[in-house]
Amino acid sequence: MTCIFCAIAEGSAPAHKVYEDEQLLAFLDLFPAHRGHLLIIPKRHSDDIFTADPSDIAAVARLSVPLARVLDRVVGGDGLGVHQLNRAAAGQTVFHYHMHLIPQTEGRPLNIHGRARGDDGELAELAQSLSRALKAEMEATA
Ligand code: AMP
Ligand code: ZN
């Protein structure tokens with residue numbers, strides 16, 4: 001069985017990447033619930049929280065901090081949702097452990113899944129801006 005997030009982690013499927021290291025990858029969701037909708041994954045495959053290595057879960061959580069700050073600065077919005085779904089009954093649709101970071105605007109419905117595919121040009125441009133801002137954020141807090 002092929003896993004789309006493993007394919008992205010291996011570089012055999014495209015993604016609008018914002019951050020990458022040996023353990024982790026952060027990229028923009030292709031069906032954004034809001035502009036700036038980001039996903040963080042461990043590169044190592046596990047289906048969900050029930051089987052993921054705690055060190056991968058901890059690394060995802062740690063990376064969410066500078067990414068949240070950068071999203072707040074670059075995308076804005078009134079708040080930020082941090083979501084993590086496990087198994088279909090909880091709404092999970094891609095069975096490779098991941099965390100969502102979703103900017104939220106006051107009054108907008110609290111969706112985790114977008115209905116429309118994002119525009120590739122806009123996603124590419126935003127990924128580049130976020131990536132640049134993240135580098136600066138990480139350097140400033142190192
Ligand atoms: P979840 O429902 O928590 O499993 O979230 C999976 C997310 O992955 C959804 O928000 C999808 O829009 C997103 N998604 C699915 N395929 C891709 C892809 N190829 N690139 C980026 N995001 C994707
Ligand atoms: Zn996978």
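1. In this predicted model, a backbone N or O atom of Val94 lies 2.8 Å from an oxygen atom of ligand 1. Thr93 also takes part: one of its polar backbone atoms is 2.8 Å from an oxygen atom of the ligand. With His100 the contact comes from the side chain, where a polar atom lies 2.7 Å from a ligand oxygen. On its own, ligand 1 has 500 Å² of accessible area, and the protein covers 89% of that.

2. Where does ligand 1 sit? Its place is the largest pocket. The ligand is surrounded by 17 residues, and the closest are Asp29, Thr93, Val94, His100 and His113.

3. What kinds of residue make up the shell around ligand 1? Ten are nonpolar, six are polar and one is charged.

4. The shell can also be read by secondary structure. Helix H1 (4–10) and strand S2 (24–28) each give at least two residues to the shell around ligand 1. H1 provides the largest share, with three residues.

5. Salt bridges are a separate topic. The structure has six of them. In one, the side chains of Lys43 and Glu20 meet at 2.9 Å, N to O. The two partners are 23 residues apart and link distant parts of the chain. Glu20 belongs to strand S1 (residues 17–20), while Lys43 is in the loop between strand S3 (38–42) and helix H2 (54–74).

Technical notes: Residues are numbered from 1 along each chain as its sequence is written. Chains are lettered from A and ligands numbered from 1 in the order in which they are written. This is a predicted model: local features need pLDDT of at least 70, side-chain atom pairs count only at pLDDT 80 or more; totals for chains, interfaces and linings use all residues. Side-chain values use heavy atoms; hydrogens and water are left out. A residue is near a molecule or strand if one of its heavy atoms lies within 4 Å of it. A polar contact is a pair of N or O atoms within 3.5 Å; within protein, one must be able to donate a hydrogen and the other to accept it, and residues adjacent in sequence count only if both atoms are side-chain atoms. Accessible areas come from the Shrake-Rupley method with a 1.4 Å probe; for residues, only the protein chains shown count as cover. On a 1 Å grid over the protein atoms alone, a cavity is a set of points where a 1.4 Å probe fits but cannot get out, and a pocket is an open set with protein on both sides within 12 Å along at least five of seven lines; lining residues have an atom within 4 Å of a point. A molecule sits in a cavity or pocket if more than half of its atoms lie within 2 Å of its grid points. Helices (H or I, at least four residues) and strands (E, at least two) are DSSP runs, numbered from the N terminus. Ala, Val, Leu, Ile, Met, Phe, Trp, Tyr, Cys and Pro count as nonpolar, Asp, Glu, Lys and Arg as charged, and the others, Gly among them, as polar. A salt bridge is a side-chain nitrogen of Lys or Arg within 4 Å of a carboxyl oxygen of Asp or Glu.
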